[in-house]
Amino acid sequence: MSLSVINLTVSFNATDGRSLQALKGLSLTVNRGEVAGLAGASGAGKSLVAEALMGLLPGNALVSGHVTVDGQKPRPGSLALAPQTIDALDPLARIAPQLARFGKPFGRTVDAMKLLADVGLEPDVAHAFPHELSGGMAKRLLLASALASGAGFIIADEPTGGLDPGNADRVMALIASLARKGHGMLVISHDLQRLAAISRRITVMQDGAIAETADAGCFASEGSALSSPYTRALWRAQEIYGTC
Ligand SMILES: Nc1ncnc2c1ncn2[C@@H]1O[C@H](COP(=O)(O)OP(=O)(O)OP(=O)(O)O)[C@@H](O)[C@H]1O
């Protein structure tokens, strides 16, 4: 039971008639019950993967490849995105009714209080507006908004971006617990150390292509088990950063 992406390519038609290939044949698998990581430097194409899988690319994008969810063509609600920022939420709607809205297109009646509890948010958050939440609370809410759809597979785009170390640890622990409950979690992150701690394997992207897909255990010590020089350099840069 998995999300399978085979040879995903994305190119953009520019107004001058040229075509820019931004994703160059990406393949990955996310099994239910596990976290798979997607990493790479800024501009490598990580968010494009999320946008292509969610059908969110603009009209000048040409997408090809083969995507299945549990062996079938993805259907609405089988895959959900926890976006990077609360800009994706309605600033004028209180949290509980807003969560209910995320379930509606898929015919789901959302129990907002249960959903908040599932992501570790207090019941009084139900009456708040998105901008009233702290960074860590907002990241949890974004995960809740994806869970509201009932999707078995969730893409979390930079779930620890902008968080302090303690909150980043807690959000990664929440993602690991969602996987233990049976979700397949695809986590896009620059934070290789925290990503490796919860993932089964990590796909590292470079310039729209895969540099390497490695078992998370390879992201350890000097990274000598990693096969790509690019991935090793990315990992070692984090190690140095992490010990500063
Ligand atoms: N609509 C678009 N038209 C043309 N190029 C685009 C479009 N959207 C994204 N790109 C290009 O695709 C490339 C990958 O962008 P993407 O946002 O996926 O990178 P990323 O790895 O998620 O970076 P970051 O870590 O900074 O979020 C970039 O070079 C970007 O300019």
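Among contacts in the chain between residues at least 6 apart in sequence, what percentage join residues at least 24 apart? The share is 65%, two residues being in contact if their C-beta atoms, placed from the backbone, lie within 7 Å. The structure is a predicted model, in which local features need pLDDT of at least 70, side-chain atom pairs count only at pLDDT 80 or more, and totals for chains, interfaces and linings use all residues. Residues are numbered from 1 along each chain as its sequence is written.

The chain contains seven helices and nine strands; helices (H or I, at least four residues) and strands (E, at least two) are DSSP runs, numbered from the N terminus. Its radius of gyration, taken over C-alpha atoms, is 18 Å, which agrees with the value near 18 Å for a compact globule with 244 residues; the globule rule is 2.2 Å times the number of residues to the power 0.38. The C-alpha trace spans about 50 × 45 × 35 Å along its principal axes.

An open antiparallel sheet is formed by three strands in the order β2-β1-β4, where strands pair if DSSP finds at least two bridges between them. Because β2 and β4 (61-69) stand at the edges with a single partner strand each, one side of each is left without a neighbour in the sheet. Strand β1 (residues 2-13) is joined to β2 by 10 bridges, and L3 stands opposite V30 in β2.

The ligand is surrounded by F12, L20, A22, G40, S42, G43, A44, G45, K46, S47, L48 and P58, a residue being near a molecule if its C-beta atom, placed from the backbone, lies within 6 Å of it. Two or more residues of this shell come from each of β2 (19-31) and α1 (46-54), and α1 gives the largest share, three residues.
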